[in-house]
Amino acid sequence: MNYSSLTRAAFVLDEAAFRQNLQHISEVAKQADVDIILALKAYSFWPTFDLVGEYLAGATASSLNEAKLVFEHLGVKPHVYVPAYVPDEFDEISKFAHHLTFNSLSELERYRDHWQSTKLSVGLRVNPMYSDVKTALYNPASPTGRLGVPIDELPHVLPTGIHGVHVHSLCESPAKSTATLLKKIENDLSHWLHQLKWLNLGGGHLMTKEGYETDVLVQALQGFRKRYPHIEVILEPGSAHAWQTGVLVAHVLDLVKSHGRTTAMLDVSFTCHMPDTLEMPYQPTVRGASTVGPETAGAAVYHLGGVSCLAGDNVGAYKFETPLEVGQQIIFEDMLHYTAVKTTTFNGVQHPDLAIKRRDGSIEIIRRFSFADYESRLG
Ligand SMILES: Cc1ncc(COP(=O)(O)O)c(C=O)c1O
């Protein structure tokens, strides 16, 4: 793909790839007889929400701002789960919500007067104490974690007024993990299941990744639906919707040498625009280059450096096919899920443009950020 029309850094969503994911997800939902909705934390590029609405029934929000974004730009009331509700925001957020989930029993009771007389379908987040996620930063079901009531500490009787249970414990997981999660719930929550109206299996179901065993997921969900036909099942993946749907286009600003190491200074920043690469940490995939050890020598070996002043704003070494030149584009693959949502304007670094590659191949710049955007963050 040629991004030569772009002279500035830009996140570029590929509309055709995005539609393909949405189509696949909507087919899985139909086959398995479940609802699959979009988690905004992973993807909230709202200028494409008209497109999302062609395929999906809804979305899930984890803050007042996300809930408003769903309501205003997708035109539906979201499912809402917030790790802890802010008292001043609760009544407003509950007006936007359709389903609303509490993180703890104490919070459920604290707000009981606010929700009991409303039409909200209220749920409780439960920590199923099962996850296949090995990185602690991304494990939502740690036994001592703060997200949800541990399944072995639930009261035997379902608290009055609760319609649903929400369990989010996976991250970029295969279908067999969802099947295991379902088994665990059936086993450990059997005393509640006959009374529940819905079960939300959270996110982490990476059904658009190559090699994902969709039939394993569909079979597990169909089996559960057969055994508990009165329970509406909801999945709320985020990454799966935007998986492999776009890039971050950057440019080489300078090539700096230091004691035998050459760093390509880019017009993007890892800390500002790809924070996951430093948090996880991982080396992102760069088109036409392969990762190499930090001490590798060679004419076309470069460390990639960000444009902020943070000393650690870099992500190690890559070997390119030919030596880099100032002005050359560097394409970071698969940067639309989470990455594009987590950006900051730290150091006043210019935010990349937001663009869409349309199905006819043209690139439309949807948004260019200005000084006013930066200025408005702090005053
Ligand atoms: C409550 C909840 N639901 C859904 C998701 C989406 O998960 P993923 O993007 O891994 O599918 C997350 C991610 O953190 C989450 O915390």
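Me: Where does E172 lie?

Reply: This is a predicted model. E172 lies in the loop between β9 (164-166) and α7 (175-188).

Me: And what is phi of E172?

Reply: Phi of E172 is near 50 degrees. That is a positive value, in a residue other than glycine.

Me: Next, peptide bonds. Which residues does a cis peptide bond join?

Reply: M280 and P281 are joined by a cis peptide bond, with omega about -15 degrees.

Me: Where is the place of P281?

Reply: P281 is in a loop too, the one between α12 (275-279) and β14 (289-292).

Me: Now the ligand. How many residues surround it, and which are the closest?

Reply: The ligand is surrounded by 15 residues. A39, G203, P237, G238 and S239 are the closest.

Me: What is the shell like by class?

Reply: The shell around the ligand has 7 nonpolar, 6 polar and 2 charged residues.

Me: Helix packing next. At what angle do the axes of α3 and α4 cross?

Reply: Roughly 30 degrees, and the axes come within 9 Å. Helix α3 covers residues 64-74 and helix α4 covers residues 87-96.

Me: Why do α3 and α4 count as roughly parallel?

Reply: Angles under 35 degrees count as roughly parallel, so α3 and α4, crossing at roughly 30 degrees, are in that class. The crossing of α3 and α4 is left-handed.

Me: Which residues make the contact of α3 and α4?

Reply: On α3, L64, A67, K68 and F71; on α4, E89, E92, I93 and F96. By class, the contact of α3 with α4 has 5 nonpolar and 3 charged residues, with no polar ones.

Me: What about α1 and α9, at what angle do they pack?

Reply: Helix α1 (residues 15-32) and helix α9 (residues 214-227) pack at about 35 degrees, and their axes are 9 Å apart. The crossing of α1 and α9 is right-handed. V28, Q31 and A32 of α1 make the contact with T214, L217, V218, L221 and Q222 of α9. That contact has 5 nonpolar, 3 polar and no charged residues.

Me: Last topic, domains. Which does the assignment give?

Reply: Domain 1 is 33-242, and domain 2 is 246-335 + 343-375. The C-alpha centres of domain 1 and domain 2 lie 34 Å apart.

Me: How many residues does the contact take from each domain?

Reply: 5 residues from domain 1 and 5 residues from domain 2.

Conventions
Residues are numbered from 1 along each chain as its sequence is written. This is a predicted model: local features need pLDDT of at least 70, side-chain atom pairs count only at pLDDT 80 or more; totals for chains, interfaces and linings use all residues. A residue is near a molecule or strand if its C-beta atom, placed from the backbone, lies within 6 Å of it. Ala, Val, Leu, Ile, Met, Phe, Trp, Tyr, Cys and Pro count as nonpolar, Asp, Glu, Lys and Arg as charged, and the others, Gly among them, as polar. Axes are lines fitted to C-alpha atoms, for helices over the stretch in contact, and angles run from 0 to 180 degrees between N-to-C directions. Helices (H or I, at least four residues) and strands (E, at least two) are DSSP runs, numbered from the N terminus. Angles under 35 degrees count as roughly parallel, over 145 as roughly antiparallel, 65 to 115 as roughly perpendicular and the rest as oblique. A crossing is left-handed if the near helix is turned anticlockwise from the far one by less than a right angle, and right-handed if clockwise. Two residues are in contact if their C-beta atoms, placed from the backbone, lie within 7 Å. Domain bounds come from an automatic or database domain assignment.
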